[in-house]
Amino acid sequence: MKRNMGTIDRALRLIAGVALIGSALVGAIDVWGYVGVIPLLTAVFGYCPVYVLFGFQTCPLEAEDTSQGNPPASA
């Protein structure tokens, strides 16, 4: 599974997930707070299946091999 989430996106999801779960644990919100498991898990794995559906990605693209070196020597 290739990552499709950037650092800021992952941090925001982590904070939101922990806040929702914490609020549900202390009784500030109903059991729907446990839906915070979803953003928490997507942040941990760095992968969001919904992003794939829409072709969206916040992760910077990995550097492609664009070296300008000499061609390989023939034998």
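Modeller: The side chains of Arg13 and Asp9 form a salt bridge, with 3.1 Å from N to O, where the term stands for a side-chain nitrogen of Lys or Arg within 4 Å of a carboxyl oxygen of Asp or Glu. This is a predicted model, in which local features need pLDDT of at least 70 and side-chain atom pairs count only at pLDDT 80 or more, while totals for chains, interfaces and linings use all residues. Residues are numbered from 1 along each chain as its sequence is written, and side-chain values use heavy atoms, with hydrogens and water left out. In general, side chains of opposite charge can pair when their charged atoms come close.

Both partners, Arg13 and Asp9, belong to helix α1 and are four residues apart, about one turn of the helix; helices here are DSSP runs of H or I with at least four residues, strands are runs of E with at least two, and both are numbered from the N terminus. Helix α1 itself covers residues 7-26. Arg13 counts as buried at 17% relative accessibility, and Asp9 is likewise buried at 15%, where buried means under 20% relative accessible area, exposed over 50%, and partly exposed in between, with a 1.4 Å probe and protein chains only.

Arg13 also lies over the face of Tyr51, at 5.1 Å from the ring centre; a charge is said to sit over a ring if NZ of Lys or CZ of Arg is within 6 Å of the ring centre and within 35 degrees of the ring normal. Leaving aside residues up to four places away in sequence, Arg13 touches Met5, Pro39, Leu40, Thr42, Ala43, Cys48 and Tyr51, a contact being heavy atoms within 4.5 Å.

What else does Tyr51 meet with its ring? A search of the whole structure finds one aromatic pair, and the rings of Tyr51 and Phe56 have their centres 5.0 Å apart and their planes at 85°, so this pair is edge-to-face. Rings of Phe, Tyr and Trp (its six-membered ring) are paired if their centres lie within 6.5 Å, with planes under 30 degrees apart called stacked, over 60 edge-to-face and the rest tilted. Tyr51 is buried, at 13% relative accessible area, whereas Phe56 is partly exposed, at 46%.

Pro49 lies in helix α3, residues 49-54, and is partly exposed at 45% relative accessibility. Although Pro49 and Asn4 are 45 residues apart in sequence, their C-alpha atoms are 8.9 Å apart in space.

For the setting as a whole, the protein has three helices and zero strands, running α-α-α from the N terminus on. Buried residues make up 21% of its 75 residues, and among contacts between residues at least 6 apart in sequence, 61% join residues at least 24 apart. The accessible surface comes to about 6,000 Å², of which 67% belongs to carbon and sulfur atoms, as computed by the Shrake-Rupley method with a 1.4 Å probe; for residues, only the protein chains shown count as cover.
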